[in-house]
Amino acid sequence: GGSIVSEIGRSLKKATFVIADTDVRALKKRSGIKYFWFGEEFTHGLGTGVNVELAKQAAESAKEKISDIFKDQDIIIFVASLGGGLGSGATQVFADVAREFGGITLGIFTMPFRFEGANKQRIAQNALKSLRRSLNVSLVIPNEKIFKVIGEETPITAAFSTVNKSLIESLESLIDLIYNPGVINIDFADLRTILKGRGNSAFLNTIEESGKDRVEKICEKVFNNPLLQNSGFEAEKILFNIEGSENLSMFEVEKISSHISNLNPKAKIIFGISKNTKLNNKIKTTILMT
């Protein structure tokens, strides 16, 4: 969880980043990131191992300080790796505290590798079930999916960084939608509409393509994020944005939009179009479905 936030925090400038941990060794100072160390009277500055209850106790003892993190926030995104004590136990307390502020809460959770054993899988599944009840929306990245996006020779740090980069692209695009005015605009109220509710699953993806067949490529890939768990996913709300330079045509916008809306014509759909001269001959499509 901390390594994901560290990497995202270096790239995304329009959000505040906090890494929370009981293990003082995990809090390596990096610019642009705040650190929140808690539970020292329970863990004595160490991690919580696979002890979910210990992690919960540590977080419960810091509830007041946790609430200070969430004051005046409109949207809170939790990033945690489930299966260990801290991610599975403390995250629940943080999520419960965040609910008191009425902001939108989105969870991004990784699940253990199969080789980590049945116990960790069980802890992760129980934590996910409980967290979903506390959050508006959550999306799940099974660690096993990493093997779909890397080669056999990929070093381990580069493999995990591939996951981080995919998240950065999608989150950056999502945040930019709110900040940057478009030809047809998406604002925070639209994002709130898509994310509100309780216990929903989410799908997030950003596709960028160029060439004569750029629209076909986007249509082919827009619903396919190889890192996410999507079994049984049925989109009830869809928010998407199509971004291009001066040569983005109405025909291209219509073709991509129709392809997306055909997924479920009964879904609530919000869409935007924005210009970005830096894209040159590329089209970028960002989609968030819940």
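In the predicted model, the second largest pocket has a lining of 20 residues. Those nearest the centre of this pocket are Asp-176, Asn-180, Glu-243, Ser-274 and Asn-276. Two or more lining residues are contributed by each of the elements α7 (156-179), β8 (237-244), β9 (268-275) and β10 (283-289). Helix α7 supplies the largest share of the lining, with five residues. By residue class, the lining of the second largest pocket consists of nine polar, seven charged and four nonpolar residues. The space in the second largest pocket amounts to about 320 Å³.

Helix packing was examined for α3 (residues 52-60) and α5 (residues 85-99), whose axes come within 7 Å. The two axes cross at roughly 35 degrees, and the crossing of α3 and α5 is right-handed. On the α3 side, the contact is formed by Val-52, Ala-55, Lys-56, Ala-59 and Glu-60. On the α5 side, Gly-85, Leu-86, Ser-88, Gly-89, Ala-90, Gln-92, Val-93 and Phe-94 take part. The residues of the contact between α3 and α5 comprise seven nonpolar, four polar and two charged.

Ser-67 is placed in helix α4 (residues 63-70). The relative accessibility of Ser-67 is 14%, and this residue therefore counts as buried, the cut-off being under 20%. With residues up to four places away in sequence left out of account, Ser-67 touches Val-97 and Phe-101.

Definitions and conventions. Residues are numbered from 1 along each chain as its sequence is written. This is a predicted model: local features need pLDDT of at least 70, side-chain atom pairs count only at pLDDT 80 or more; totals for chains, interfaces and linings use all residues. Side-chain values use heavy atoms; hydrogens and water are left out. On a 1 Å grid over the protein atoms alone, a cavity is a set of points where a 1.4 Å probe fits but cannot get out, and a pocket is an open set with protein on both sides within 12 Å along at least five of seven lines; lining residues have an atom within 4 Å of a point. Grid points are joined across faces, edges and corners, and a volume is the space filled by probe spheres set on the points. Helices (H or I, at least four residues) and strands (E, at least two) are DSSP runs, numbered from the N terminus. Ala, Val, Leu, Ile, Met, Phe, Trp, Tyr, Cys and Pro count as nonpolar, Asp, Glu, Lys and Arg as charged, and the others, Gly among them, as polar. Axes are lines fitted to C-alpha atoms, for helices over the stretch in contact, and angles run from 0 to 180 degrees between N-to-C directions. A crossing is left-handed if the near helix is turned anticlockwise from the far one by less than a right angle, and right-handed if clockwise. Contact means heavy atoms within 4.5 Å. Buried means under 20% relative accessible area, exposed over 50%, partly exposed in between (1.4 Å probe, protein chains only).
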